[in-house]
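Me: I would like to learn how to read a structure feature by feature, starting from the whole chain and moving towards single residues. Could you take me through this one?

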Amino acid sequence: MKRRIQLLTVLLFSIWMGSALAYTLHQGRNVLRVDFREEVRWEYWNTFDQKFSRDNFTYDRSYSFASSKMRLGMGIRSPRAEAYLQINWTQLLGLPDQGEFGLGTLYYQFNGKFGNGPGYDTKATHIGYGALSQAWIRFQPRSLRGLSLTLGRFLYASGAEGSAPRNPSLRWVKKFRISQRMIGPFDWSRVGRAFDGALASYHRRFWTLTLSYLHPTPGGFYLKRDHLHRKGQSAYDITLATVVLSLQDTNPWLPGTDSQLFYYYYNDRRKLKNPASLYNPQQNGLADCEINMLGGHLLYARKAGPGIMDLLLWGGYQWGVWGRNPSLEHQAWALAVEAGYRFPHLPWQPWFRLGYFYGSGDDQPGDTQHHTFFMMIPTLRIYSMTPSYTLMNTTYWMGQIILQPASHLLLRSDFHVVNLTRGRDYWYLGSGMMRPDVFSYATLGAHIPYRDRHLLTMWDLSLFFKNIYTSHGLRTDMDIYLSHIWGRDVVRDTFKSGDELTFFYVELRFTF
């Protein structure tokens, strides 16, 4: 009851504060704006279960918790320059202190032990923290039309560079099936992350060239996103650079095609000293690697018969150095193929989509080669709606249906059959670096002695309600999500007492 009162208090204060601060001022050709966004989410998890009988410990297989994520921003824009500043406050209420799996467990593991400050051993299940989330300035020189330069702390989403497609089908596919596969702000989490550095973009009528040099901030499941250093490690020891050429779907050469060629560079120099993986280069490479990646995507849509067909092709090849003691030669690759067909003139405009993904794995861990595809620092949740697998050492088949019963309501349901690519490689979990002193991904390997590859089957249902209430600049949206996972051999090898998982959440968003 006390937790519900706390959440209601936060919600009412947020609405009042946002209404008071939402403001836009036009002064000649200059524009000043103040914006506010509040997200309130309640999550329920019934997770996989290990239940080690030997330690006589009872884990919280089922738990729920609430959270609030507030963002207040202020920006100013002139014809040749723009600046923006945003602060973020995250409040977590009722985290499970004995959880075994799921996001509540991760939030507690990353934050609970320091929640009450140094010198305190009390478990922190209610914890909040505020930090600077964005602070950037953008220049658009008068002498070179189409060029912009952004400096500071900002959000970056790989695959979304350039202009958004004009075609609505391509626009949705690019946002939800292409962007942030390799680099992203993971903004769906209750914290998110940003990138410090520089970004240059040169846009012409049909194409855009984007170059960036970045250092990620902590975040994701770790509240102290402004703490770049922890236990002798630094988030700035990770460097990224990108070169991206994007072609818009309005181009005259390949009409109806949105395409991209990219080069990504990722260098992690942290060299974490984890005794369990000190002499295991497969694992210590997760905090000590230098990866190059060359790839691209192609999206195509056209009218075909009574509806609209769409096609997605994405892939990339990686090479570099992985781990130490000894260092391994890294060579890996990934491929995604998806196709869909939408009936825009039928009731609910049904859209059916199928897809296949292959991310290479390493089946010979004792040699001098490393072949596990590496995700760098993505927004995992776009591709694993119930975060329970990554695109590393992973192969899956996907079915998807999207319906629009009303202008303000969108329904989406996915069905995934997920396997490990190689049975002698790990089951990887995570979404890139979140805390400087923690490996970028967690590894589970109980299946390796059995060479099991069948991971899980997942079904989910998402309901997105848009503009359910608007008044005086206030906009209210709501998301409802339900999923169920049937664990297969790999899950059973690790979680012997419970191989099924259910995840449910409701989120209200208030935007001013």
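Me: What percentage of the 512 residues in the chain do buried residues make up?

Reply: Please keep in mind throughout that this is a predicted model. A residue counts as buried when its relative accessible area is under 20%, and by that criterion buried residues make up 54% of the 512 residues here. The chain exposes about 22,100 Å², of which carbon and sulfur atoms supply 60%.

Me: How many helices and strands does the chain have?

Reply: There are five helices and 24 strands.

Me: Which residues have the most contacts inside the largest nonpolar core?

Reply: A nonpolar core is read as a set of buried nonpolar residues joined through their side chains. The largest one here has 96 residues, and Trp314, Phe374, Trp427 and Leu455 have the most contacts inside it. Strand E13, residues 289-304, gives this core its largest share, which is five residues. Another core, of six residues, lies apart from it and includes Leu403, Leu409, Leu463 and Phe465.

Me: How should I read strand pairing, and to which strand is E7 joined by nine bridges?

Reply: One looks for the partner strand, the direction and then the individual residues. E7 (residues 195-203) runs antiparallel to E8 (residues 207-216), with nine bridges joining them, and a hairpin of three residues connects the two strands. E8 also pairs with E11 (residues 238-247), again in the antiparallel sense, over eight bridges. Serine 212 lets you follow both pairings by eye, as this residue of E8 is the bridge partner of leucine 199 and also stands opposite threonine 242 in E11.

Me: Which residues of helix H3 are buried?

Reply: An α-helix has 3.6 residues a turn, so residues three or four places apart point the same way. In H3, which spans residues 168-178, the buried residues are Ser169, Leu170, Trp172, Val173, Lys174, Arg177 and Ile178.

Me: Where are phenylalanine 186 and tryptophan 348 found?

Reply: Both are worth checking for their backbone angles as well as their places. Phenylalanine 186, in the loop between H3 and E7, has a positive phi of about 50° although it is not a glycine, and it is buried at a relative accessible area of 2%. Tryptophan 348, in the loop between strands E15 (328-342) and E16 (351-359), is likewise not a glycine and has a positive phi of about 70°. Tryptophan 348 counts as partly exposed, because its relative accessibility is 45%.

Me: Is arginine 153 buried or exposed, and with which side chain does its own side chain make a polar contact?

Reply: Arginine 153 lies in strand E6 (residues 147-154) and counts as buried because its relative accessible area is 12%. Its side chain makes a polar contact of 2.7 Å with the side chain of aspartate 196. Leaving aside neighbours within four places in sequence, the residues in contact with arginine 153 include Leu132, Trp136, Phe195, Thr217 and Leu228.

Conventions: Residues numbered from 1 in each chain as written. Predicted model: local features only at pLDDT ≥ 70, side-chain atom pairs only at ≥ 80, totals over all residues. Heavy atoms only, no water. Core = buried A, V, L, I, M, F, W, Y, C linked by side-chain atoms within 4.5 Å. Buried < 20%, exposed > 50% of the residue type's maximum accessible area, 1.4 Å probe, protein only. Helix = DSSP H or I, 4+ residues; strand = E, 2+ residues; numbered from the N terminus. Pairing = 2+ DSSP bridges. Polar contact = N/O pair within 3.5 Å; in protein donor to acceptor, adjacent residues only side chain to side chain. Contact = heavy atoms within 4.5 Å. Areas by Shrake-Rupley, 256 points an atom, 1.4 Å probe, with all protein chains shown as cover.
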